[in-house]
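This report looks in turn at a pocket, a helix packing and an aromatic pair. Please keep the structure in view while reading.

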Amino acid sequence: FMEEIIAVIKTHKLTAKEKEKILSLIDSAMHNHMLDEILTHLPKHYHETFLHHFTKAPHDKALLDFLKKEAREDIEHVLAERASKVKTELLKDFKK
């Protein structure tokens, strides 16, 4: 995901600090989009459990297992679709 965006950012005349800031904003935006999808597709009664575990260990593989089991749809597919849409939008914005 990030490789293509980084390549496009490198084509712009930006300082290292500006590039770092942009990448940080992109990371934050992607994080927010993914959480939105997760909470949209996860039944409300699981939100607190998920967010508690996510806050403690965001990279724990057990979280994905939990989402695969409890989400209403194929969460990996849903997240991949959203990530692709966000990436397309970001690339479009950078090429302006």
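How much space lies in the largest pocket?

## The largest pocket

In this predicted model, the space in the largest pocket comes to about 460 Å³. Its lining is made up of 16 residues, and those that lie nearest the centre of the pocket are Met-34, Ile-38, Phe-54, Pro-58 and Leu-79.

Two or more lining residues come from each of helix H2 (16–41), helix H3 (47–56), helix H4 (61–70) and H5, with H2 giving the most, namely six residues. Sorted by class, the lining of the largest pocket holds twelve nonpolar residues, together with two polar and two charged ones.

## Packing of H1 with H5

Helix H1, which covers residues 2–10, packs with helix H5, residues 75–94, at an angle of about 5°, and the axes of the two helices are 10 Å apart. Because of this angle, H1 counts as roughly parallel to H5, the cut-off for that term being an angle under 35 degrees.

On the side of H1 the contact is made by Glu-4, Ile-5, Val-8 and Ile-9, while H5 contributes Lys-87, Leu-90, Leu-91 and Phe-94. The residues of this contact comprise six nonpolar and two charged ones, with no polar residue among them.

## Aromatic pairs

The model has two aromatic pairs. One of them is formed by Tyr-46 and Phe-66, whose rings lie 5.6 Å centre to centre with 85° between the planes, an edge-to-face arrangement.

This pair links distant parts of the chain, since Tyr-46 is in the loop between H2 and H3, whereas Phe-66 is in helix H4, and the two are 20 residues apart.

Terms used. Residues are numbered from 1 along each chain as its sequence is written. This is a predicted model: local features need pLDDT of at least 70, side-chain atom pairs count only at pLDDT 80 or more; totals for chains, interfaces and linings use all residues. Side-chain values use heavy atoms; hydrogens and water are left out. Axes are lines fitted to C-alpha atoms, for helices over the stretch in contact, and angles run from 0 to 180 degrees between N-to-C directions. Helices (H or I, at least four residues) and strands (E, at least two) are DSSP runs, numbered from the N terminus. Angles under 35 degrees count as roughly parallel, over 145 as roughly antiparallel, 65 to 115 as roughly perpendicular and the rest as oblique. Contact means heavy atoms within 4.5 Å. Ala, Val, Leu, Ile, Met, Phe, Trp, Tyr, Cys and Pro count as nonpolar, Asp, Glu, Lys and Arg as charged, and the others, Gly among them, as polar. On a 1 Å grid over the protein atoms alone, a cavity is a set of points where a 1.4 Å probe fits but cannot get out, and a pocket is an open set with protein on both sides within 12 Å along at least five of seven lines; lining residues have an atom within 4 Å of a point. Grid points are joined across faces, edges and corners, and a volume is the space filled by probe spheres set on the points. Rings of Phe, Tyr and Trp (its six-membered ring) pair if their centres lie within 6.5 Å; planes under 30 degrees apart count as stacked, over 60 as edge-to-face and the rest as tilted.
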